Amino acid sequence: MPYRLRIGGRDVAAEITARRPQLLLRIGEVRCALESARIAGDEFELTVDGVRYRGYWCAGADEVQVRLNGHTYRVERPRAALAATAAAADEELRASMPGVVVAVHCAVDQQLAAGDKLLTLESMKLQMTLLASHAARVRQVHVAPQAVFERGALLVSFARAGEEP
Amino acid sequence: MPQRVLIANRGEIACRILRTLRALGIGSVAVYTFEDRSAPHVALADQAVRLEAHAPSAAYLDQAQLIDAARRTGAEAIHPGYGFLAESAAFAERVAAAGLTFIGPDAAVIRLMGDKIRARAFAAEQGVAVAPSARGDGEPAELAARAAAIGFPLLVKAAAGGGGKGMRTVQAAAELADALHAAAEEAQRYFGDARVYLERRIETPRHIEVQVLGDGQGNVVHLFERECSLQRRYQKILEESPAPNLPADKRAAICAAAVRLASAARYRNAGTVEFMLAPGGEFYFLEMNTRLQVEHPVTELVLDVDLVAEQLRLAGGAGLSFAQEDLQPRGHAIECRICAEEPQQDFRPATGRVQVLRVPQGPQLRFDGGIGVGQTVTPAFDSLLAKLIAHGDTRGEAAHSLERALRDLVLLGVPTNIDYLARLLRHPQFLAAELHTGFLEAHAAELREGGGGADAVAAALVALLADVDFRRAAYEVPEPHASIGEWRN
C-alpha cells in the first residue's frame, strides 16, 4: 500500500517494495534500503544505504518534525493532508491558527464579491484581514468581535452557489 | 539595592532578570498566569504569585494586581522587563505612589519619549538631527502641501507608535489620504491615540542604536552601538555589536548625540536611543526606548557588563559604576531571535507545544531562553521563544559560531525560524556586512528553504516509522509487539 507524505510543501509517495532480505522502499523518485532503525525517546538513528543518520524527532497531531544535520524537516501526516476536503473548504472559512477576532466585516445573507473583507483576526500581535476568494453569500458568521478561537474553528460559513437564502 | 524584586514579565526576559537577581543574592518574585504555571520563570524565582485575568496577556498588564503581589511578598522594587508595562508612565507612577521602586526612568521621561512627536521635538532642541517631518492633521490641501515639501515616498507614523503599528508608506500624493486614515485607525486601536505624523522615508537605511545608562542627575555614559538593521515586519531578528563598517568618527558622533539627548532628559536607568543611518552617512533620531532592550546581550558580551545589575544599582540611587573611558568594546557579538513562526509563509506566527529542546553549549555562547519541554506556545503572547548569542574576536568568528550553534540547537514541537536564521548567517552579503533594513526582503529568494536530498529521505523514513500502520506493514509484526531494533516509542 502506498503512503502519501507531504514534506517541505511537496507531496511525496512512499512504498515498501521488498521486506526480505532487507526492507526496500521507494520514496518519491528515490529507492533505498532501510538497514536498521533505532528510535529511543526523542532520538533516532537510521542506516539507509549504508549511511548512518542520527537526529531528533517528535510527533504532533498533524506532522512529524525531524531534526537532522542542522535542519528541521516537517513531514505532514497523510491524514492531515486530506483533512480539509475541497468541497468543505469552499463553503467554510476555518481558522488556520488560534487567535482573536478584531473585527467582523461581513453579515449574514450578505452577497460577497471576490476580494470583499470577511474578518480581521489577530494572532500573536499580528493582524490579518481575510478576504473572500470568490463570490458567495454569507450563511452564518460564527464569531463576534473579541471572540477567542482555536485552530480549525469555524469562522464563517457560506451558502452553496444557487442555494436560496 | 533592593532586597527583593518582583518581575512583572514572563518568558526569556523574566529568566534573564532572575539570573542577575540570583547572582547578586537579591530575592525574586515571579508572577504568572494559570497557563504559565509550569513556565521556567516560575520555577526559577524564589516566590511566585499567580495573577487572575480573563485573558492571559491581560494579567501581565494588570497594574493593581502586580503592585498588590509586590506588597504581599515584601518586594521593594518592580522590574518591568520589556513589552507589557515597561514603557507605561502610568505604571511607573503607580509603583512609585505605592512606595515601591520602578526599575526604569521617571514617569515624566517615559511620557516624553513615548510620544514620538514630542520626543522628536525634544531631540531637535538638543541639536540631534531628526528626519524631515510634518504634522499629520489638518485640511487635505494643507496636508498635501506638507507632504510635497517632505517629498515622496514618505512614511505616516503613529505618535504613540512602535513595532511598525500605525505606520504606512506613501509612494505618491494620491495615496496620502488613505494612508493617513488607515494609520490613524490602527494607531487608535493599538495605542488609544490616533495622532499621526509624516516623515521622509530614507531609502535603504541602517538601524543603529546606542545603549545609554544615566544616573538621573544628567550624568550619562554610552555603551556603544548596536546594529539592528535585519528586520521583518518592522521587528528585529538579528542584532550585533559593534555595527560593522561604521567609520570611527561616525560612531563617535552617533554615540555623542545619544548621550546629549539622554543627559538633557536627565535620564535615569538604562535606555536606548535609536537612529536611522542613511546610505550617505547622515543619521537621524528615530526614538528612545526607555527600558531594557531585547538585544541588550550583545552589548553585555562586548563590554563584559551586566545591564540588569546596573539597572538595579541605578534604581537604588547609586551613581554610575563606570566612567566612559572605562568602557572598551572587545571583539564582536551577534544575537538572533528564535521565534515561533513560519519564515516560508511571510513569518506568520506559529503555535504548538515544545517537545524536544537541546541547547548547544560553548564558552563564547549564550542562550537566553524562557521555554521548557512540555510548554505550550500560545497566540496570547509575543512569538519570541529564546535568543542565541555568540561572541568572537571578529565578526566572522561570531557569525560562524552562531551559525554552528543554530545548527546544533534542537527545538521541536513548534515551527521556528532557526533554519532561516542559519541561512541568514551564511549569506554572503550578510557576511560582507552589506546591511540595511530592507535586507531580508531584498534577499528573500536566496534565504528561502532549499531542497532536501538524502536527508529529506531519511526524515521521511522517520515519519513513516512513527506510523503504526507502516511499522506493521514493514515488519509484519503485530502491535504491541512490533519491534524494529530498539524501537521504544
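Angles under 35 degrees between axes count as roughly parallel, those over 145 as roughly antiparallel, those from 65 to 115 as roughly perpendicular and the rest as oblique. The structure is a predicted model, in which local features need pLDDT of at least 70 and side-chain atom pairs count only at pLDDT 80 or more, whereas totals for chains, interfaces and linings use all residues. Residues are numbered from 1 along each chain as its sequence is written, and chains are lettered from A and ligands numbered from 1 in the order in which they are written.

In chain B, helix 5 (residues 89-97) packs against helix 6 (residues 107-114) at an angle of about 175 degrees, the axes being 8 Å apart. Axes are lines fitted to C-alpha atoms, for helices over the stretch in contact, and angles run from 0 to 180 degrees between N-to-C directions. Helices (H or I, at least four residues) and strands (E, at least two) are DSSP runs, numbered from the N terminus. Helix 5 of chain B and helix 6 of chain B are therefore roughly antiparallel to each other. Ala89(B), Ala92(B) and Glu93(B) of helix 5 of chain B make the contact with Ala107(B), Ile110(B), Arg111(B) and Gly114(B) of helix 6 of chain B; residues are in contact if their C-beta atoms, placed from the backbone, lie within 7 Å.

In chain A, strand 10 (residues 99-104) and strand 15 (residues 148-149) run antiparallel and are joined by two bridges; strands pair if DSSP finds at least two bridges between them. Val100(A) stands opposite Val148(A) in strand 15 of chain A.

Between the chains, 42 residues of chain B are in contact with 49 residues of chain A.

Terms used:
Two residues are in contact if their C-beta atoms, placed from the backbone, lie within 7 Å.
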